[in-house]
Amino acid sequence: MWHFYLGDPLELLLLAPDGSTRTVVLGPDVLHGQHVQFTVPAGTWMGGRVREGGSWTLFGCTMAPGFTFQGYEHGDAADLTARYPAEADRIPGLCRPS
């Protein structure tokens with residue numbers, strides 16, 4: 001679960017196992033579709049960045065079960081771009097260089 005605390009809105013790109021994609025915005029403006037918290041479904045690739053025009057965001061992420069590096073798999077930009085071509089322009093900017 002992601003939590004928005006302060007600052008500029010944060011965009012989360014969500015890449016679902018079924019091939020669908022969604023962008024969720026964490027921020028204070030709930031009357032215009034932003035979320036102060038959002039639960040990401042299991043098995044979903046995700047990447048976040050401060051929304052264009054913003055400069056900083058204070059957020060948190062609560063994980064259950066707790067995070068361990070044993071269960072962590074870093075996304076590969078080439079693989080994710082091939083699997084989610086509609087988001088090909090955004091994915092590389094959310095992945096670490098190989």
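This is a predicted model: local features need pLDDT of at least 70, side-chain atom pairs count only at pLDDT 80 or more; totals for chains, interfaces and linings use all residues.
1. Two strands are taken to pair if DSSP finds at least two bridges between them, and the strands themselves (E, at least two residues), like the helices (H or I, at least four residues), are DSSP runs numbered from the N terminus. With that in hand, the bridge partner of Trp-2 in β4 is Phe-38, and the strands β1 and β4 are paired in the antiparallel sense over 2 bridges.

2. Residues are numbered from 1 along each chain as its sequence is written, and side-chain values rest on heavy atoms, with hydrogens and water left out.

3. On the overall architecture, the protein chain contains 1 helix and 6 strands, and from the N terminus on its elements follow the order β-β-β-β-β-β-α. The radius of gyration (taken over C-alpha atoms) is 14 Å, close to the 13 Å that the globule rule gives for 98 residues, so the chain is as compact as a globular protein of that length; the rule in question is 2.2 Å times the number of residues to the power 0.38. Along its principal axes, the C-alpha trace spans about 35 × 30 × 25 Å.

4. As for burial and surface, 29% of the 98 residues of the protein chain count as buried, where buried means under 20% relative accessible area, exposed means over 50%, and partly exposed lies in between (1.4 Å probe, protein chains only). The accessible surface of the chain, from the Shrake-Rupley method with a 1.4 Å probe, comes to about 6500 Å², and 57% of this belongs to carbon and sulfur atoms. Among contacts (heavy atoms within 4.5 Å) with a separation of 6 or more, residues 24 or more positions apart account for 63%.

5. Trp-2 lies in strand β1 (residues 2-7) and Phe-59 in strand β6 (residues 57-61), so the pair ties together parts that are 57 residues apart in sequence. Trp-2 is buried, with a relative accessible area of 11%, whereas Phe-59, at 37% relative accessibility, counts as partly exposed.

6. The other open sheet to note consists of 3 strands in the order β3-β2-β5, and its pairing is antiparallel. Here β3 (21-26) and β5 (45-50) stand at the edges, each with a single partner strand, so one side of each has no neighbour in the sheet. Neighbouring strands of this sheet are turned by 20 degrees against each other on average, direction ignored; the axes used are lines fitted to C-alpha atoms, for helices over the stretch in contact, and angles run from 0 to 180 degrees between N-to-C directions.

7. Strand β2 (residues 10-15) pairs with β5 in the antiparallel sense over 6 bridges, and Leu-15 stands opposite Trp-45 in β5. Strands β2 and β3 are likewise antiparallel over 6 bridges, with Glu-11 opposite Val-25 in β3. These two strands, β2 and β3, form a hairpin with 5 residues between them, and Gly-19 in the turn has a positive phi of about 95 degrees. Strand β2 is mostly covered, as 5 of its 6 residues are buried.

8. Gly-27 is placed in the loop between β3 and β4 (37-38) and is buried, with a relative accessible area of 0%. Leaving aside neighbours within four places in sequence, Gly-27 is in contact with Phe-4, Pro-9, Gln-34, His-35 and Val-36. Gly-27 and Leu-10 are 17 residues apart in sequence, and their C-alpha atoms are 6.5 Å apart in space.

9. Arg-96, finally, is found in the segment after α1 (77-83) and counts as exposed at 59% relative accessibility. The C-alpha atoms of Arg-96 and Gly-75, which are 21 residues apart along the chain, are separated by 8.1 Å.
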